[in-house]
Amino acid sequence: MDLVVILIVVAVIIAVEVPLMWRKKLIEELWVFSFLLLLGTFFGVINAFHIPVSNPLGWMIFIYKPVADMVNAWLA
Amino acid sequence: MKRRALLLCVVILIQLFVTGCWSRRELNDLAIAVGIGIDKIGDQYQVSAQVVLPSQIAGSKGGSPQSPVNLYKATGNTVYEALRKITTLSPRKIYISHLRILVLGEDLAKEGISSVLDFMSRDTDTRNDYFIVVAKDTKAEDTLKILTSLEKIPAVRLFSSLETSEKQWAPTSTVTLGTLITELVSKGKNPVLTGVVINGNVDVGQTQKNVETVDSPTELKYSGLAVFKEDKLIGWLNPEESKVYNYLTNKVKSTVFYIQCPEGKKVSLDVFEAHSKIKGSMHNDNPEISIEQHIESDIGEVQCRNLDLTNPKTITELEQIANHKVVHLFETTIKKVQQEFKSDIFGFGEVIHRSNPQAWKKLKDNWDQTFVNLPVSVKTDIKIRQLGKVTNSFLEEMK
Amino acid sequence: MLEKGKLSTRQLTILVMLLTIGDSILVIPPSTTHYARQNAWISTLIGMVIGLLAIYMYSRFIKLYPKLTLIEAIQKAFGKWLGTVLSLMTLMFFLIVTVGSMREVSDFVIAEMLPGTPIPPILTLFILIVIMATRLGIEVLGRTGEIFTPMIIILFLILTVAIVPQMDIVRILPILEDGIKPVLRGSISITAYTFLEPVVFLMVLPYVSQQQKITKGLLLGCLLGGTIIFLTLTVSILVLGPDLTTRDIYPSYNIARRISIGGFFERVEALIALQWMLTLFIKVTLFFYAFILGLSQLLKLKEYRVLTLPTGLILVSLAPIIAPNFTYYNTVFDNYWVYYVITFGLVLPLVLLGVAMFRRALSKDLKSQN
């Protein structure tokens, strides 16, 4: 059910934007547009199928943990 | 032209969205609870909800006279569970945003009130504008059953009379959830709650008969304050002592007290302003508290015969008598709380916290112990200003 | 020219003020008070000082990279390869902040105002307006800010004044009872979220019509926004006390609920919430715009509007994913996200300034040698 909604949304987005780009021959824009749309669909599908993502900001925690630990030890 | 049509479509479409229909709660799907009572039965919590019946309040004509409110109760392992269970009895979901009074049963209070308060603070429907009281010598559910005259909805009557009595007579204290939680958490002050009693028979009280006669057989009345240590009820203050609490916590807006004139009869003083300054200090690692109470009052009633109120010396004399009486009252009450209850309800700990924060760090974990022997000095400054409408009482002239 | 609009100085000031208020007005009080307790107001002042330094830094940026947006400046400073990598990282920063703010919008609306509603519809409605604002350009956003500001100020004043009877000065005492360290720890989140997020304006400064007045505009906006945050935080402590401010997830909403004047001006919290929705909208739009514009500048596109819808889809899909529950979001927000913002809000501009000044010194050196 959610998947249908995602597909409808994607279809609407394509219908609204692509004709303009095609007519004006904005090829570069079309590539970027498609890439972003693909990303969006990817995340949308994750939502639709309720795929659990347990640690989405893990990369941020990983990079900044040393700083955070140091500051917390000093100030808190 | 095409753009206009598109715009029109968009505007119409938007209207579908802004009406906020998704998670709507229609008014006739809700049972508006104005009073909630929580008792402990064994291991379980019994929640009783006093729900308003709008048709009876709205003053519509006809129909057999029904009670303006209904009581629903259910028992569960947690407060949240019990509240939801009520839907097996009530045709609608209980809606507590309009709550006016929360009554905690005495048994529950003795065991500890903190367990039921988290639900009230966490639920998004609750607000901070209702009062919390403790049922004395009775169960919370019974206090919600009594019908009242003058104010049709009993819970609203409980709310208004608590507010009014705190303002006019001052042996009661209005306590909201925010205040209660802050005081429970604070190591320097323990909470108090006002107690509500039922004078009369509960079974008569919940029938229409209670409001049919001039003198209601059963009434809801506020008595003194309940003293808590941590979150458990440990004792009660009588009305005089409760007033001292209100003086010290600066909650008195207006009250009346009497003093004795030199010949032994009584004079009533009408207090219209009261302000207390509590200062904390440390002497050789020992905390000390000094209290300065300012009271502005008028003469309200004179029963003495030989009182010349036109003479300034009389007024000064009366002020002195009042000072003595109030100092004595404060000192006895504070001592009683220190020695009998061993619970700092006046917030002296918080005063020390603010005046000597470093010392407080060492004192705070053991404060209730230190509180027992805390030296407290009381000074009062009572001023008598006006005399009312007449000067000397006519009693003076009587044979 | 991707962006043909022009911002007036007043519009810049207003946008800076609204961004500074942004989501801070809602999420900063519990976060800062958690560490600084009743001294959180001091944390705000510390944050404001750092904010003023940051503004000074941004004004130097204009001198050293005139008429360039942040992304263009990165490419000029670091060349093709390193510049592209850094630009992508910066763009990701803008995107992540946008997602975070949207998550906060949906969390707030669901927690306090519309409990049963699922997240996607709320965010979709929100993002559609953001997309519309972005497509219309920065000048329209500036004008929108101008229109909103009186309402926001009035609502803020109502909230602050109506609650005065419930304030108690003792709640803010004792001062500095645990020393300066907790206050400093508390000031980290304010510094980052309130005063360093205006780095996003480096994407927009070339479009201000009066370039010489930019510094004044930024400064004024920062001061105004900072004052409002300061007042909000202080009011929160004065009315609720430090304990309840930390315990409540949205203490400002709690305060709005307590407003009761004359027994009839009550239950007006939804009105006050309107103010927060507006400032949140400005923040989301600014970062969204920065991402779209930056991406278009990086890839030398001729048209940026077409990218708005797919990015909107990414955002609406990412927002629920970014944290599995509130606790996770809050922990990351308090401990790690702050440094992410500081990296791009403070470190990056400093590095860019450093590179430019180094180059200038180098070229002067070469000139004097020749």
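Guide: A residue is called buried if 20 or more other C-beta atoms lie within 10 Å of its own, and exposed if 12 or fewer do. Please keep in mind that this is a predicted model.

Visitor: Which residues of H13(B) are buried by that rule?
Guide: They are B:Phe348, B:Gly349, B:Glu350, B:Val351, B:Ile352, B:His353 and B:Arg354.

Visitor: What makes helix H13 of chain B "mostly covered"?
Guide: The helix spans residues 348-355, and seven of its eight residues are buried. The cover over those buried residues includes strand S11 (266-283), strand S12 (286-302), H14 and H15 of chain B.

Visitor: And B:Asn366, is that residue buried or exposed?
Guide: B:Asn366 has 10 other C-beta atoms within 10 Å. Exposed means 12 or fewer, so B:Asn366 is exposed. You will find B:Asn366 in the loop between helix H14 (357-363) and helix H15 (367-372) of chain B. Its C-alpha atom is separated by 51 Å from that of B:Leu27, a residue 339 positions away along the chain.

Visitor: Chain B has a domain assignment; where are the bounds?
Guide: Domain 1 covers 28-236 and domain 2 covers 239-399. Their C-alpha centres lie 32 Å apart.

Visitor: How many residues of domain 1 of chain B are in contact with domain 2 of chain B?
Guide: On the domain 1 side there are 21, in contact with 25 residues of domain 2. Helix H7 (154-168), strand S8 (219-229) and strand S9 (232-236) of chain B each give two or more residues to the domain 1 side. By class, the domain 1 side divides into eight nonpolar, eight polar and five charged residues.

Visitor: Let's turn to chain C. Why is chain C called as compact as a globular protein of its length?
Guide: The radius of gyration of chain C is 21 Å, and the globule rule gives 21 Å for 370 residues, so the description holds. The C-alpha trace of chain C spans about 75 × 45 × 40 Å along its principal axes. Of the 370 residues in chain C, 53% are buried.

Visitor: What is chain C built from?
Guide: Chain C has twelve helices and two strands. One of the helices is H2 (residues 24-36), where 13 of 13 residues are buried. Just after H2(C), C:Arg37 takes a positive phi of about 50 degrees.

Visitor: What describes the packing of H3(C) against H12(C)?
Guide: Helix H3 (residues 40-64) and helix H12 (residues 326-369) of chain C pack at an angle of about 35 degrees, with their axes 10 Å apart. Their crossing is left-handed. Among the residues making the contact are C:Met57 and C:Phe61 of H3(C), and C:Leu346 and C:Leu353 of H12(C). The contact residues divide into eleven nonpolar, one polar and one charged.

Visitor: Finally, where does chain C touch chain B, and which helix gives the most?
Guide: 19 residues of chain C are in contact with 15 residues of chain B. Helix H4 (70-113), helix H5 (119-136) and helix H8 (214-247) of chain C each supply at least two residues of the chain C side. H8(C) gives the most, with four residues. The chain C side has ten nonpolar, four polar and five charged residues.

Notes: Residues numbered from 1 in each chain as written. Chains lettered and ligands numbered in written order. Predicted model: local features only at pLDDT ≥ 70, side-chain atom pairs only at ≥ 80, totals over all residues. Contact = placed C-beta atoms within 7 Å. Axes fitted to C-alpha atoms, helices over the stretch in contact; angles between N-to-C directions. Left-handed = near helix turned anticlockwise from the far one by under 90°. Nonpolar A, V, L, I, M, F, W, Y, C, P; charged D, E, K, R; others polar. Rg over C-alpha atoms; globule rule 2.2 N^0.38 Å. Domains from an automatic or database assignment.
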